[in-house]
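Here are some notes on the charged and aromatic contacts, as you asked. Please read them with the structure open beside you.

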Amino acid sequence: IAKNYKKELADLPIILPPDSQSWHLFVIRVDKKYRNKLIDFLRKKDIATSVHYKPLYYYPIFGYDLAKAKASVPVTERVWQEMVSLPMYPDLSQESQGRVISSIRKFFTS
């Protein structure tokens, strides 16, 4: 599944994840101005995505001063806003993955 995503999405304006021995997630990075639009576009096509991982300082239970936390980790703050986890599970059919891929391609080419 990961090999196919990497092959089929390689020419798009996204950052693909590095190779892994354990593919429990397939997280792409897109310019933050497109991330939420891509997620909404895919949702309208009944394709579920997620954002992994939201920094801990965004969760009130941990008691961080959000402004200070954001300022102290600028790379984390930038990168998490670019992340989109694509569907990735053992039973993902080639047909379903093809629909994910073609939808992402359509988002970036239309």
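**Notes on side-chain contacts**

1. Glutamate 8 and lysine 7 form a salt bridge through their side chains, at 3.6 Å from N to O. Lysine 7 is exposed, with a relative accessible area of 62%, whereas glutamate 8 is partly exposed at 29%. Keep in mind throughout that this is a predicted model.

2. The search of the whole structure gives six salt bridges. Another of them joins the side chains of aspartate 11 and arginine 105, at 2.9 Å from N to O. This pair links distant parts of the chain, 94 residues apart. Aspartate 11 is in the loop between helix H1 (2-9) and strand E1 (26-29), and arginine 105 is in helix H5 (residues 94-109). Aspartate 11 has a relative accessible area of 55%, which is over 50%, so this residue counts as exposed. Arginine 105, at 26%, is partly exposed.

3. A salt bridge of 2.8 Å, N to O, connects the side chains of arginine 29 and glutamate 82. Here too the pair links distant parts of the chain, 53 residues apart: arginine 29 belongs to strand E1, and glutamate 82 to the loop between helix H4 (74-80) and strand E2 (83-86). Is glutamate 82 buried or exposed? Its relative accessible area is 12%, and because the limit for buried is under 20%, glutamate 82 counts as buried. Arginine 29, with 23% relative accessibility, is partly exposed.

4. Turning to the rings, the structure has seven aromatic pairs. In one of them, tyrosine 5 and phenylalanine 26, the ring centres are 4.8 Å apart and the planes meet at 35°, so the pair is tilted. Why does this pair tie together parts that are 21 residues apart in sequence? The reason is that tyrosine 5 lies in helix H1 and phenylalanine 26 in strand E1. Both tyrosine 5 and phenylalanine 26 are buried.

5. Ring pairs also build a cluster, made up of Tyr34, Phe41, Phe107 and Phe108.

6. The last point concerns a charge and a ring. Lysine 54 has its charged end over the ring of tyrosine 59, at 5.4 Å from the centre of that ring.

Conventions: Residues are numbered from 1 along each chain as its sequence is written. This is a predicted model: local features need pLDDT of at least 70, side-chain atom pairs count only at pLDDT 80 or more; totals for chains, interfaces and linings use all residues. Side-chain values use heavy atoms; hydrogens and water are left out. A salt bridge is a side-chain nitrogen of Lys or Arg within 4 Å of a carboxyl oxygen of Asp or Glu. Buried means under 20% relative accessible area, exposed over 50%, partly exposed in between (1.4 Å probe, protein chains only). Helices (H or I, at least four residues) and strands (E, at least two) are DSSP runs, numbered from the N terminus. Rings of Phe, Tyr and Trp (its six-membered ring) pair if their centres lie within 6.5 Å; planes under 30 degrees apart count as stacked, over 60 as edge-to-face and the rest as tilted. A charge sits over a ring if NZ of Lys or CZ of Arg is within 6 Å of the ring centre and within 35 degrees of the ring normal.
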